[in-house]
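Please look at the sequence and the 3D structure shown here, and then read the short report on charged side chains that goes with them.

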Amino acid sequence: MTAPVCTSASNAATALAPATAPAAAGARAQTLPYPSFSSYVKARQPVLLRTARSLTANPSDAEDLLQTALAKTYVAWERIEDHRALDGYVRRALLNTRTSQWRKRKVDEFACDELPEPEPVPCGDDPAERQALHDAMWRAIMKLPARQRAMVVLRYYEDLSEARTAEVLGVSVGTVKSAVSRALGKLREDPELGFVRS
């Protein structure tokens with residue numbers, strides 16, 4: 001059976017513990033062969049986590065790094081003679097582990113004579129500009145009278161012909177032409193759409 005994987009540095013002491021032993025009155029209690037390791041982790045975890053965060057850019061990677069260093073410390077607990085120097089031992093384990101990770105990483109960047117620049121985005125293809133234009137256009141259309149708004153939406157958003165728009169609304173084609181013309185004039189004068197004209 002495999003041991004459970006700990007997801008947080010604060011759980012490192014319990015993740016490294018052996019199987020539980022029976023306690024009084026039939027209850028099962030978890031014990032560590034090194035009770036001082038557990039108390040050390042609980043007392044020094046925030047300080048050591050800060051050190052790990054200074055070695056990595058990602059908080060999750062820092063927790064993993066600290067957990068790995070604490071696992072190495074747990075394995076060497078019997079060999080550590082001076083328990084007053086534990087912080088130094090764990091910091092060295094953090095640094096060595098991070099250095100090993102850094103050396104093993106796959107390098108995706110290579111030095112070259114010219115820097116590859118991304119293709120410039122044409123002004124009309126910027127998603128933020130398109131969304132801003134779309135929002136401004138809808139706000140301007142919502143200011144139109146209901147009849148003109150309906151004709152503009154059917155004519156340009158639904159892409160209906162003038163004859164089909166007239167048929168849907170039950171008006172003449174001339175009425176559609178004149179109402180759409182007036183609506184477009186109002187949209188051209190709308191101050192919110194001024195950046196489109198410039």
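The report below turns to the confidence of the model and then to its salt bridges.

## The model and its confidence

This is a predicted model, in which local features need pLDDT of at least 70 and side-chain atom pairs count only at pLDDT 80 or more, while totals for chains, interfaces and linings use all residues. Residues are numbered from 1 along each chain as its sequence is written, and side-chain values use heavy atoms, with hydrogens and water left out.

The protein chain has an average pLDDT of 78, and 74% of the residues score at least 70, where pLDDT is the predictor's confidence in each residue, from 0 to 100. Over residues 1-29 the pLDDT stays under 50, and for this stretch the model has 43 contacts beyond four places in sequence (a contact means heavy atoms within 4.5 Å). Where pLDDT is low, the predicted coordinates should not be read in detail.

Side chains of opposite charge can pair when their charged atoms come close. The structure holds seven salt bridges, each defined as a side-chain nitrogen of Lys or Arg within 4 Å of a carboxyl oxygen of Asp or Glu. In one of them, Asp190 meets Lys143 with a distance of 3.3 Å from N to O. This pair links distant parts of the chain, 47 residues apart, since Asp190 is in the loop between α8 (173-189) and α9 (194-197) and Lys143 is in the loop between α5 (127-142) and α6 (146-157); helices (H or I, at least four residues) are DSSP runs, numbered from the N terminus.

Lys143 also forms a salt bridge with Glu192, the closest N and O atoms being 3.8 Å apart. Because Glu192 lies in the loop between α8 and α9 and Lys143 in the loop between α5 and α6, this pair ties together parts that are 49 residues apart in sequence. Asp190 is buried at 7% relative accessibility, Glu192 is partly exposed at 26%, and Lys143 is exposed at 54% (buried means under 20% relative accessible area, exposed over 50%, and partly exposed in between, with a 1.4 Å probe and protein chains only).

## A pair between two helices

Glu162 and Lys177 form another salt bridge, with their closest N and O atoms 4.0 Å apart. Glu162 is in helix α7 (residues 162-169) and Lys177 in helix α8, 15 residues apart, and the pair links distant parts of the chain. Both count as partly exposed, Glu162 at 27% relative accessibility and Lys177 at 46%.

Salt bridges that share partners join Arg139, Lys143, Asp190 and Glu192 into one network.
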